[in-house]
Protein chains: 2
Amino acid sequence: MSPEVAVVGCGMSNFGAYSGDAFPRVESVVDDALRDAGLAAEDVDEAWWASLAFGGGQLGNPAALVNGIEGLQGVAAHRVENACASGGYAVRSALQAIEAGRCEVALVVGFERMNDQPSHRSGYWLGVSGETPWERMAGTTFPGVYGLMASRHAHEHGTTREQLAQVAVKNHRFAADNPNAQFSKEVGLERVMDSPTVADPLRLFDCCGTTDGAAALVLTSAARADQIDAEATTITGAGAASDHLALHERPSLTELSATRTAGEEALREAGRSIEEVDLAEVHDCFTIAEILAIEDLGLAGKGEGGPATAEGRTDRGGACVVNPSGGLKGKGHPLGATGVAQVAEIHDQLLSRAGDRQIADAETGLTHNVGGSGATCAVHVLERGGT
Amino acid sequence: MSPEVAVVGCGMSNFGAYSGDAFPRVESVVDDALRDAGLAAEDVDEAWWASLAFGGGQLGNPAALVNGIEGLQGVAAHRVENACASGGYAVRSALQAIEAGRCEVALVVGFERMNDQPSHRSGYWLGVSGETPWERMAGTTFPGVYGLMASRHAHEHGTTREQLAQVAVKNHRFAADNPNAQFSKEVGLERVMDSPTVADPLRLFDCCGTTDGAAALVLTSAARADQIDAEATTITGAGAASDHLALHERPSLTELSATRTAGEEALREAGRSIEEVDLAEVHDCFTIAEILAIEDLGLAGKGEGGPATAEGRTDRGGACVVNPSGGLKGKGHPLGATGVAQVAEIHDQLLSRAGDRQIADAETGLTHNVGGSGATCAVHVLERGGT
């Protein structure tokens with residue numbers, strides 16, 4: 001099938017560490033997204049709320065928090081939790097509801113607050129989406145899991161510390177041009193490579209930060225998009241897949257099969273080859289994750305993600321610009337907000353309103369959102385213009 | 001719109017307290033649901049996983065656990081968490097995906113394990129879906145919140161302790177006929193009324209238990225249902241709504257507006273009046289919750305839920321039989337599994353395969369699933385036969 005769903009509005013908070021009540025940030029991004037769409041809160045038929053485990057303290061049933069926003073009282077509200085792919089799956093669910101004809105205007109909110117707890121609690125809450133009996137209970141954290149993947153990638157394909165570091169350098173450079181990014185300074189290759197080891201071979205600058213953030217999208221049917229005064233992009237392809245939670249149950253440590261399946265499905269639906277994708281927001285929670293992503297999406301052959309990065313093929317001017325927002329690495333990674341923010345970034349880029357980080361002439365973009373170490377994945381293809 | 005989605009298979013574990021690894025219960029209900037549908041795991045296009053906070057220990061990203069079931073590897077898998085309405089909202093999401101034409105065969109799994117933690121932890125996990133800043137942080141638990149509603153209902157409408165108790169007596173009587181129920185014995189009015197106070201006026205037997213359980217459904221398009229060798233019921237109406245999490249932000253303590261909205265929407269879509277509904281599985285986490293439910297769904301006027309129960313209008317032989325499964329009160333309430341199990345019960349009843357608890361000649365049934373103290377609600381209308 002070919003989806004007929006348009007993105008007509010988006011809102012993004014500045015990502016970082018918040019103090020005080022964070023709910024006004026949610027209100028603000030919802031307001032921005034609705035204003036961008038030229039719609040009122042009363043126009044929203046149904047809402048999706050993406051968060052992992054924080055949700056500003058409302059650990060269960062957080063979707064109902066939308067009732068705190070004027071005009072949204074009573075709206076049907078789903079919470080989607082697929083770890084760090086919550087946002088991407090929330091977009092998928094909203095898309096399905098619109099395609100069903102059951103919902104004409106959908107609001108998708110992604111929100112996470114990770115800095116309001118002592119760091120051991122924050123690590124606990126993040127860690128709960130790791131595989132439980134074998135990984136989490138043994139004390140393995142996400143840097144540990146991705147560190148294993150990085151070590152194996154180096155072993156199998158000769159990926160170097162320098163190639164990993166080049167992902168961070170590129171994404172921090174983009175983040176420096178993004179006023180909403182958590183990290184606003186460029187970092188040099190040596191600084192990344194000399195930063196303290198977190199989980200060998202990953203160093204501090206190979207890891208995304210601990211981030212508070214909110215993002216919102218307004219999606220609607222193609223028919224409704226034609227009637228309203230909003231600049232629109234179209235979701236032309238959607239794919240999703242899952243995989244075993246535990247690394248040891250997968251056939252490979254150096255490939256995320258959920259990315260492969262979801263990516264192929266989204267591109268097939270969009271009728272596009274990966275070569276036609278001008279820019280992509282991929283899930284770079286760690287530098288190795290971006291290398292895996294570009295390989296598994298087909299932007300580079302298996303084992304060639306490191307060299308492709310080093311050669312600048314994913315940088316400005318490259319065949320496909322990867323993470324022009326700064327990515328999770330530079331922009332920040334407020335878990336449930338990430339997948340929503342990825343779509344917002346591609347939307348803004350395709351509409352040529354991405355400010356200093358604008359990629360010229362981008363017509364086709366892709367978002368790639370991963371939960372855990374690859375246990376869930378959602379991919380969307382967006383294109384400029386109406387349906 | 002009119003949905004064209006069929007229920008073609010269901011599976012239910014026995015509800016209660018499990019020992020050892022509980023995942024085989026999930027495998028077993030999925031197996032049962034697929035066998036019931038005459039389909040194989042490989043036929044499933046997409047899966048929804050409903051759980052609140054336990055998920056057998058996999059607190060985040062639990063939807064990916066479906067990869068542990070032979071034949072489901074790689075399937076797109078969403079976790080829906082809307083507190084105790086997780087199951088109902090998961091059914092809604094699956095329905096939307098089928099209506100979208102994006103998914104032909106949907107698997108919905110509801111699972112919760114509440115007895116594998118010390119009771120203070122179990123209470124913690126359950127409590128997280130209470131409203132956070134005003135209720136949970138002040139120490140108010142769900143019995144406390146529903147106790148407030150019960151007190152106010154008594155004050156406004158004269159609802160008596162005896163009327164509350166009659167809900168429990170009826171539902172335990174039904175549960176005694178349900179081989180999967182957690183509580184298999186009838187209880188008398190005096191036993192309920194003399195049981196220890198939990199949160200005045202609610203006593204021990206006014207409260208549902210702490211339950212482990214799993215349930216699964218297979219949903220498909222009407223077209224596919226016609227091609228397979230399975231007895232089918234049709235979801236003819238679906239409604240959902242939300243409300244403020246905190247009681248003090250709502251205009252009334254004795255009405256759940258989310259129930260009203262979701263119920264009206266589902267009935268309108270089904271083209272049915274509430275008088276045409278032969279049986280209903282409603283969210284009786286506490287006895288007062290069933291009284292609120294039958295009032296807000298329109299089975300009784302406001303304030304008449306107590307007398308209606310006392311007069312047997314919701315019992316076998318009444319105008320609409322409420323909670324023939326035993327309800328949350330008698331059958332048990334494994335949070336995320338509850339909304340899924342409600343649909344399974346109505347499906348079995350409409351197909352005349354509900355054993356000793358069968359309600360004769362039931363043609364139209366309704367499920368009503370509430371999250372928290374009414375912050376989210378999903379209602380479905382099911383009818384006998386194909387679409």
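A residue is called buried if 20 or more other C-beta atoms lie within 10 Å of its own, exposed if 12 or fewer, and partly exposed in between. Ser352(A), with 13 C-beta neighbours inside 10 Å, therefore counts as partly exposed. The structure in question is a predicted model.

Ser352(A) has a further feature, in its backbone. Its phi is positive, about 55°, although Ser352(A) is not a glycine. The residue sits in the loop between helix H13 (335-350) and strand S11 (364-371) of chain A. In chain B, Ser352(B) also has a positive phi, near 55°, in a residue other than glycine. Ser352(B) lies in the loop between H13 and strand S11 (364-371) of chain B. With 14 C-beta neighbours inside 10 Å, Ser352(B) counts as partly exposed.

Another backbone feature is found at Pro201. In chain A, Asp200(A) and Pro201(A) are joined by a cis peptide bond, with omega about 5°. Pro201(A) belongs to the loop between strand S5 (197-199) and strand S6 (202-203) of chain A. In chain B, the peptide bond from Asp200(B) to Pro201(B) is cis, and omega is near 5°. The loop that holds Pro201(B) runs between strand S5 (197-199) and strand S6 (202-203) of chain B.

How the chains are arranged comes next.

Thr376(B) has contacts in both chains. The residue lies in strand S12 (residues 376-384) of chain B and is buried, with 32 other C-beta atoms within 10 Å. Leaving aside neighbours within four places in sequence, the contacts of Thr376(B) include Asn61(A), Ala63(A), Ala64(A) and Ala77(A) from chain A, and Asn82(B), Ala83(B), Ala85(B) and Tyr89(B) from chain B. Ser242(B), Ala258(B) and Gly371(B) are also among the contacts of Thr376(B). The C-alpha atoms of Thr376(B) and Cys84(B) are separated by 8.7 Å, although the two residues are 292 residues apart along the chain.

Within one chain there is a division into domains. Chain A is split into domain 1 (5-117 + 213-233) and domain 2 (130-206 + 235-384). The centres of these two domains of chain A, taken over C-alpha atoms, are 23 Å apart. In the contact between them, 35 residues of domain 1 of chain A meet 35 residues of domain 2 of chain A. On the domain 1 side, strand S1 (5-12), H2, strand S4 (105-112) and strand S7 (213-221) of chain A each supply at least two residues. The largest share of that side, eight residues, comes from H2(A). By class, the domain 1 side has 21 nonpolar, eleven polar and three charged residues.

Helix packing can be followed in chain B. Two packed helices are described by the angle between their axes and the distance between the axes. Helix H2 (residues 86-99) of chain B packs on helix H13 (residues 338-350) of chain B at an angle of about 65°, with their axes 5 Å apart. That makes H2(B) roughly perpendicular to H13(B). H2(B) makes the contact through Ser86(B), Gly87(B), Gly88(B), Ala90(B) and Val91(B), and H13(B) through Thr338(B), Gly339(B), Val340(B) and Val343(B). The contact of H2(B) with H13(B) has four nonpolar, five polar and no charged residues.

A second pair is formed by helix H6 (residues 161-176) and helix H10 (residues 287-296) of chain B, which pack at about 95° with their axes 8 Å apart. H6(B) and H10(B) are therefore roughly perpendicular to each other. Leu164(B), Ala165(B), Val167(B) and Ala168(B) in H6(B) meet Thr287(B), Ile288(B), Glu290(B) and Ile291(B) in H10(B). The residues of this contact divide into six nonpolar, one polar and one charged.

Terms used:
Residues numbered from 1 in each chain as written. Chains lettered and ligands numbered in written order. Predicted model: local features only at pLDDT ≥ 70, side-chain atom pairs only at ≥ 80, totals over all residues. Axes fitted to C-alpha atoms, helices over the stretch in contact; angles between N-to-C directions. Helix = DSSP H or I, 4+ residues; strand = E, 2+ residues; numbered from the N terminus. Parallel < 35°, antiparallel > 145°, perpendicular 65-115°, else oblique. Contact = placed C-beta atoms within 7 Å. Nonpolar A, V, L, I, M, F, W, Y, C, P; charged D, E, K, R; others polar. Domains from an automatic or database assignment.
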